[in-house]
Amino acid sequence: MNKMKVGIIGAGAIAEMAHLPFYTNHPDVELVALTDFNEERAQLMAQQFNVKRVYSKAEEMFRNEKLDAVSICTRNDTHIEFAKMALQYGVHVLVEKPLALNVKEALELERAVEEASKICMVGMTHRFRNDTTALKRVIDAGDLGNIYYVKARMLQRRNTPSGWFTDKSKSGGGPLMDIGVHVLDLAWWLSGQPDIASVSGHLVQGIGHYQTMVEGRWESAVKASPSYSFDVEDFASAFLRFKNGLVIQLEVSWAINGLADEGIMIELFGTKAGARLKPLSLYSEHQQVLTETKLNVPANNPYQEEIHHFIQSILCSNPTLIDISQGVKVMKMLEAISESSRQKKEVNVENLFLAKK
């Protein structure tokens, strides 16, 4: 059997950490090409992960290589352009989150995917964690009953990333688009992916630029220049109502004056039981006695699971865990949150996008 030929667009941190290593270790994959406008960095990454060829332009890579699949690991505002280009060359796509800068772009890509009849998977890595997979299994078995309320958050005290992340024209937004997309998607997926009804959002730039002495801040591979702006929020919250009666309360931040969370925190409240993601626990009642059960689930590397799932979906012609249609629905919720904050009122999501047509 011939190996699947894969290329990667973008040689930044997410490619180095989450894509290159796990294509390299897949027995059915040949990592043939890497492209980035920063050729020096791309060459270093290619040497580290034994990638055969390096290109400075994605179009040149597609013309010269007969690729089966590609990962798009570039700046948010380039995702749609590169995904469409890949589809035009008949290549399956894994695109990093967020899918697009706005719903209009996301819908354009969805149409292109349908026309090309190719897989387009969105990189929602937290769906591939062992603990979230275990919790999803418990929920789908009906052990929580009817889930009516979910609290989902990821608050960071001082972790505003550098570079293009704070430039709305390039990122599409602040923590809502950066980490909020993961938190919202995970809460929505665990809850059964109901249809959204209305949203009330609140976006604030509360801290803004700061000189706090902190370590380990996420840095873009493209270094900041004086032209980069800070025109995004650093805190976002939302109250999302769904057609089945579910409500999700969402909170995310890059910088707040308060306690920081250790990763994504999710609590689900159902008619039969409740659950907490971290620590992974179930709360219920047995024989009129309250019970609390800790679930013992070994940790895994969700990036590897994600990449290998993408490859397996292509090889077996199976649906992916997060396809383009789900990516569009998440984008609608994100855009509705931002629009609600701008209007300073709750918005009906269906009416919002009917008005934008």
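# Reading local features in a predicted model

Q: Leaving aside its neighbours within four places in sequence, which residues is Asp 28 in contact with?
A: Asp 28 is in contact with Lys 3, Met 4 and Leu 315, once neighbours within four places in sequence are set aside. The model is predicted.

Q: Where does Asp 28 lie?
A: Asp 28 belongs to the loop between helix H1 (13-24) and strand E2 (29-35). With a relative accessibility of 25%, Asp 28 counts as partly exposed, because that class takes in values between the buried limit of 20% and the exposed limit of 50%.

Q: Is Asp 261 buried or exposed?
A: Asp 261 has a relative accessible area of 16% and is therefore buried, the limit being under 20%. Asp 261 lies in the loop between strand E10 (247-253) and strand E11 (265-270). Not counting residues up to four places away in sequence, Asp 261 touches Arg 153, Met 154 and Leu 155.

Q: How many disulfides does the structure hold?
A: A pair of cysteine sulfur atoms has to be within 2.5 Å to be a disulfide. The structure holds zero disulfides.

Q: What is the case for Cys 316?
A: For Cys 316 the closest cysteine sulfur is also in Cys 120, 19 Å away and too far for a bond. Cys 316 is partly exposed, with 39% relative accessibility.

Q: How are two packed helices described?
A: By the angle between their axes together with the distance between those axes. Here the axes of helix H6 (residues 130-140) and helix H8 (residues 175-190) come within 10 Å and cross at roughly 30 degrees. That angle makes H6 roughly parallel to H8, because angles under 35 degrees fall in that class.

Q: Which residues make the contact of H6 and H8?
A: On the H6 side they are Thr 132, Leu 135, Lys 136 and Ile 139; on the H8 side, Leu 186, Trp 189 and Leu 190. By class, this contact has five nonpolar residues, one polar and one charged.

Q: How far does helix H10 (residues 324-343) reach from its first C-alpha to its last?
A: The reach of a helix can be set against the span expected at 1.5 Å a residue. H10 has 20 residues and reaches 28 Å, close to the expected 28 Å. Because 14 of its 20 residues are buried, H10 is largely enclosed by the rest of the structure.

Q: How many residues of helix H4 (residues 79-88) are buried?
A: Seven of the 10 are buried, so H4 too is largely enclosed by the rest of the structure. The buried residues of H4 are His 79, Ile 80, Phe 82, Ala 83, Met 85, Ala 86 and Leu 87. Their cover includes strand E1 (4-9), helix H3 (58-64), strand E4 (69-72), E5 and H5. Just after H4, Gly 90 has a positive phi of about 75 degrees.

Q: Which residues does a cis peptide bond with omega of about -15 degrees join?
A: That cis bond joins Lys 97 and Pro 98. Pro 98 sits in the loop between strand E5 (92-96) and helix H5 (103-116). The bond from Lys 278 to Pro 279 is cis as well, with omega near 0 degrees. Pro 279 is in the loop between strand E12 (274-276) and strand E13 (281-286).

Q: What is the phi of Gln 193?
A: Gln 193 is a residue other than glycine, and its phi is positive, near 55 degrees. Gln 193 is in the loop between H8 and strand E8 (196-204) and is partly exposed, at 26% relative accessibility. Gln 288, not a glycine either, has a positive phi of about 65 degrees. Gln 288 is found in the loop between E13 and strand E14 (289-294), and at 76% relative accessibility Gln 288 counts as exposed.

Terms used: Residues are numbered from 1 along each chain as its sequence is written. This is a predicted model: local features need pLDDT of at least 70, side-chain atom pairs count only at pLDDT 80 or more; totals for chains, interfaces and linings use all residues. Side-chain values use heavy atoms; hydrogens and water are left out. Buried means under 20% relative accessible area, exposed over 50%, partly exposed in between (1.4 Å probe, protein chains only). Helices (H or I, at least four residues) and strands (E, at least two) are DSSP runs, numbered from the N terminus. The expected span of a helix is 1.5 Å times one less than its number of residues. Contact means heavy atoms within 4.5 Å. Axes are lines fitted to C-alpha atoms, for helices over the stretch in contact, and angles run from 0 to 180 degrees between N-to-C directions. Angles under 35 degrees count as roughly parallel, over 145 as roughly antiparallel, 65 to 115 as roughly perpendicular and the rest as oblique. Ala, Val, Leu, Ile, Met, Phe, Trp, Tyr, Cys and Pro count as nonpolar, Asp, Glu, Lys and Arg as charged, and the others, Gly among them, as polar.
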